[in-house]
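Okay, thanks for coming, everyone. Let me put today's protein up on the screen, and then we'll walk through it together.

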Amino acid sequence: MVDRLVPIASSLSLEHALAISANALALRKAHDILPLAVVVLDAGANLVSFQREDGCGPLRFDIALGKAWGALGMGISSRQIRDRTANRAAFQNAVAAASQGRFVPVPGGVLILNDAGQAIGAVGISGDASDRDEYCAIEAIKAVGLIAEPSEPAADWKEAPL
């Protein structure tokens with residue numbers, strides 16, 4: 001019998017989550033991207049970190065959460081979800097209903113992987129064009145020494161229309 005509280009292991013540390021958010025926001029500034037909302041979830045889809053910049057609309061949290069939640073729930077990035085379900089509206093609607101609306105099938109939801117290739121969390125970003133959001137998520141994950149899935153942003157992320 002344990003006579004003290006036993007710490008619970010986390011799949012993604014607060015330190016990593018805060019560093020990912022900080023890196024994403026720094027990338028936003030460096031590339032003159034619109035203000036962002038950054039959500040970082042652990043593998044159980046628990047919110048570890050959320051930051052919303054000044055000038056970022058109130059819906060951005062829900063969109064960022066839906067991108068990250070969808071990526072974790074489906075086990076693929078939100079870009080891949082968009083690509084795989086583009087012609088499957090009934091499936092998209094079913095997943096949106098099953099996830100209670102926490103499903104946004106556009107780029108910006110990126111899985112965070114450990115060295116063994118296991119998803120330990122996800123980042124969802126919203127505020128600019130989806131490809132720019134995704135760029136910030138991917139590069140922020142890589143900046144803290146973790147693996148992003150997908151590993152590279154869309155080639156034309158800078159030219160993405162709003």
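So, reading along the sequence, you get α-β-β-α-α-α-β-β-α-β, with helices and strands taken as DSSP runs (H or I, at least four residues, for helices; E, at least two, for strands) numbered from the N terminus. The radius of gyration is 15 Å, close to the 15 Å from the globule rule for 162 residues, so this protein is as compact as a globular protein of that length. That radius is over C-alpha atoms, and the rule is 2.2 Å times the number of residues to the power 0.38.

Quick housekeeping: this is a predicted model, where local features need pLDDT of at least 70 and side-chain atom pairs count only at 80 or more, while totals for chains, interfaces and linings use all residues. Residues are numbered from 1 along each chain as its sequence is written, and side-chain values use heavy atoms, with hydrogens and water left out.

How much is buried? Of the 162 residues, 46%, where buried means under 20% relative accessible area with a 1.4 Å probe, protein chains only.

Now look at helix α2, residues 60-74. Its 15 residues should span 21 Å at 1.5 Å a residue, and the end C-alpha atoms are 21 Å apart, which agrees; the expected span is 1.5 Å times one less than the number of residues. Its buried residues include Ala64, Leu65 and Lys67. Among the elements covering them are β1 (37-42), β4 (119-126) and α5 (130-143), going by contacts, meaning heavy atoms within 4.5 Å.

Methods:
Buried means under 20% relative accessible area, exposed over 50%, partly exposed in between (1.4 Å probe, protein chains only).
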